[in-house]
Amino acid sequence: MDFKENEKKWQARWDEARIFETDPDKRKKFFTSLIIPYVNGNAHIGHSFTFTRSDVYARFKRMNGYNSLLTQGFHATGEPILGVVERLRQSDQSQIATLKLYGATDEDIENFKKDPKYVANYWMKKIVGSMKEMGYSIDWRRRFVTAIDPCFNSFIEWQYNKLKEKGYVVQGTHPVVWCSHDQSPTGDHDRLKGEGEGTIEYTIIKFSFEDEDGHKFIFPCATLRPETIYGVTNIWLKPETEYILAIVNNETWVISKDALDKLNDQLFEVSELGFVQSEEFFGKRAKNPSTEEEVPILPGNFVEMGTGTGVVMSVPGHAPFDWVGIKTLLKNKELSEKYKIDSNIVKPISVISLEGYGEFPAVEMVESMKADSKEKLEKITAELYKKEFHQGVLNNNCKTYAGQKVSEVKDHLIERFRNIGRATSIWETTGLVVCRCNNKCHVKILENQWFLNYSNDRWKNDVKRHLEIMRLYPEDIRGQFLNTIDWLKDKACARKSGLGTKLPWDKDWIVETLSDSTIYMAYYTISKTINDNNIIADKLNDEVFDFIFLSKGDLKQISKNCGLDESLLKEMKENFEYFYPMDFRNSGKDLVQHHLIFFIYHHVAIFPEKYWPRSIAVNGYVNVAGEKMSKSKGNIIPLSELIEKHGADLVRLNISTSAEGMDDADWRDENTNPLKSRLMYLNDLVDKIERMESNKTNVDNWLELQMHKIIKETTTAYEETKFRSAINASLFNAVNDMKWYMRRSITPNKTLVKEFLENIIKLIAPITPHYSEEVWNKLGHKTFVSIDKWPQYKDAIILKGDHLDKDELFVKKTLEDIEHVKKLAKRQKPSKIILFVAKSDKFADKKDKHHQIRLFEEAHLFLKKEYGCDIEVLDSDIITSHNEPLYQNKATTSKPEKLGVIVF
């Protein structure tokens, strides 16, 4: 079988028959869609896992009698496309190499520089081509592109008007991840690096220093552990580094250049005075605001200028990096003498009591674990900080806070220090964030910014209430959803730059990329009508959408007001009410913390409860040959390249069987070979059917039993989205069972073999649709297997078939015993085999012995075929009393441990 030619043939036949174009009818519906991909590059191996899973489930439901709708749109909102254009205009070689990897030519790249819409349309066509080649059963009449499609923009305007009406879009002052180049908040999907990173508030403790001329300087130490202020032994500055002197809220601060930019964006009054080298302060002493004691300012190479203020307070008793810094400094005699530092001056101070540790947990952990690298220090730092926060108690060195738990006193301590002017705060990203424009981001406190009010208790509670009744695959992801709901705070929903829909009440702002991709699934239900009738955006006002989605308003009056025929309004409304709610949403596990949770939030906020989503499935990432996908490793493989190499069905089969649950998939080319061999075994078997007869034997009953067990096991696995398990049953187990049957049966039953093959082909059809269509056709069927009925199993056959499994297991064990004796006797081609059965007193019931006698009477020809020699069976009872065989050339036995074998 030529897989690729076969796939083209069946894709053309599907298109001609339009079998995946789905409209309302009397059947029960099933609605799902593929995640909308960004149109800034081609579909690659990373997309294949999630996309294929969604298609497989839609096909499974279609064969189970559902009117199954699978849809696909495309995402152009935000910075991804503009980021590509910007980097190309800067001649970014990494970006050029990535686009060429995806198949873009030099001419294409020149065109990309001119028009972002050209980029979007170019990659949309490429992705559509890959999806069609993969055989995804999509109703392409319903596709759209966010930000570029004016009708979709009208839909988003309606969405945000509804959210604002309900108080879920608010204006306020909040910290956001900010791109200074784009002058906009940078959401997860507008980032080159740092997806999932958020904002975190550091406390700034103000240490003061006064020089000989009476000039007062503030050393603002940014920390996540202000409760350790009582254990500070010194301050760290980065050596051989230029710091900035700046007036910050009427105080002279010593800070890094990065800190200056951040403070400017965080509502501080900042003016730059000049530069100063860190060496000018080494050996000087600054006053600890909590103890009034002076501590030395010392050089620390580990200080990160991009984090906090570039000024760090040192608590070596409870901070592993600080203890290592102190040890390193004390070992350097030149610096120790220069700054008059000895072990007594920077001796650790204990401030937190922690069960299981002594006075200085950081010292203990560093020494016991021999932490001599940044990676080890980061690991033990995270471990210690967590333990001390949750289990630690402040000791007597903490004065009025002594005896209190760290977790309970921290916020109170911060508030007190703020109130007396000794502390403030600075916001940071939780990790490195780089915008699509290639600019490093920081945190800005935005005033008059539009936010989604995710912290609203009523909204949170409605989402939690609905989550309780939603089906989640796998179920153990539920905790992550609940945790996300608990910590989710208000989120900026608009930005100043990029592609997208303008906020209807404030045109200076554009709805950002994660905020217009929450209820687009509802738009699929009406997009066919919009596309087929060339409806323009001006006619799709809020009144129209209220009628379609919320059943508000009078049809005739709305038709008159908007200029759309009543029939079109009714058609859109009927499509929505038939297909909604969404039955199944499948995505990657990294999207739980934003896209998938926002999906629930927005549906709960806008639609009546009967239209809230029913289920979500989550899958892992995709690795390639055991390695994480990355541009640097060159293992981001375009989907079209995989299809060209292996064919779509083997790509679908390989990726579907590589993982299930939340485990990461691992693409390996070599894994396609055993999968292909099993498919070809079934295909070749079809050619042998006509030469078979239709005589029924006992082994037929066993194969029929396996068939029903496989159908049941496979069906259950599909229902639970465990597609690897489904293939394990329907392809691996099925082929193994058929091979045994063909070996075991003297005259294979034509009728049964065909029925078995027909059912197996149906069971694997959701995953290998083109191959299945071809074999289904070879079996004599004129229908499409993709829309044929799913196989049904009979529990009655399964429940009564236990003895059949035991019988065949016994036959297999008998073969193993014979093979073992052959080796011992060194007879590869025996002239005769004698089997003798134990005495009757070895059996619990005489019926067992008689049953085995009958079994071997039936299996006698099989054994003779296997070994090509006479088979003689002796009964131990007869041997004992008459010293002669009971049967000649017939096989009788009991259980494997009661069977004797002699080979001549």
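pLDDT is the predictor's confidence in each residue, from 0 to 100. The mean pLDDT of this protein is 91, and 97% of its residues reach 70 or more. Over residues 880-899 the pLDDT is below 50. Beyond near neighbours in sequence, that stretch still has 62 contacts in the model, a contact being heavy atoms within 4.5 Å.

This is a predicted model, where local features need pLDDT of at least 70, side-chain atom pairs count only at pLDDT 80 or more, and totals for chains, interfaces and linings use all residues. Residues are numbered from 1 along each chain as its sequence is written, and side-chain values use heavy atoms, with hydrogens and water left out.

**Helix α7 and asparagine 161**

- Helix α7 spans residues 150-165 and holds asparagine 161. Helices (H or I, at least four residues) and strands (E, at least two) are DSSP runs, numbered from the N terminus.
- The side chain of asparagine 161 makes a polar contact with that of aspartate 542, at 2.8 Å. A polar contact is a pair of N or O atoms within 3.5 Å; within protein, one must be able to donate a hydrogen and the other to accept it, and residues adjacent in sequence count only if both atoms are side-chain atoms.
- Setting aside neighbours within four places in sequence, asparagine 161 touches Pro504, Trp505 and Asp542.

**Helix pairs**

- α7 packs with helix α16 (residues 520-532) at an angle of about 140°, and their axes are 11 Å apart. That makes α7 oblique to α16.
- Axes are lines fitted to C-alpha atoms, for helices over the stretch in contact, and angles run from 0 to 180 degrees between N-to-C directions. Angles under 35 degrees count as roughly parallel, over 145 as roughly antiparallel, 65 to 115 as roughly perpendicular and the rest as oblique.
- Cys151, Phe152 and Phe155 in α7 meet Tyr520, Ala522, Tyr523 and Ile530 in α16.
- Helix α25 (residues 723-744) and helix α29 (residues 802-825) pack at about 70°, with axes 13 Å apart. α25 is therefore roughly perpendicular to α29.
- Trp740, Arg743 and Arg744 in α25 meet Glu808, Val811, Lys812 and Leu815 in α29.

**Strand β3 and its partners**

- Strand β3 (residues 169-179) runs antiparallel to strand β19 (residues 442-452), joined by nine bridges. Two strands pair if DSSP finds at least two bridges between them.
- Proline 175 has isoleucine 445 as its bridge partner in β19.
- β3 also pairs with strand β4 (residues 184-185), in the antiparallel sense, over two bridges. Tryptophan 178 stands opposite proline 185 in β4.
- β3 and β4 form a hairpin with four residues between them. Glutamine 183 in the turn has a positive phi of about 55°.

**Five-stranded sheet**

- The strand order is β2-β1-β25-β26-β20, in an open sheet with parallel pairing.
- β2 (67-71) and β20 (471-473) stand at the edges, each with a single partner strand, so one side of each lacks a neighbour in the sheet.
- Neighbouring strands of this sheet are turned by 15° against each other on average, direction ignored.
- Four bridges join β25 (residues 584-588) to β26 (residues 615-619) in parallel. Asparagine 586 stands opposite alanine 617 in β26.
- Helix α20 (residues 592-606) packs on the sheet and touches β25 and β26. Its direction makes about 165° with that of β25.
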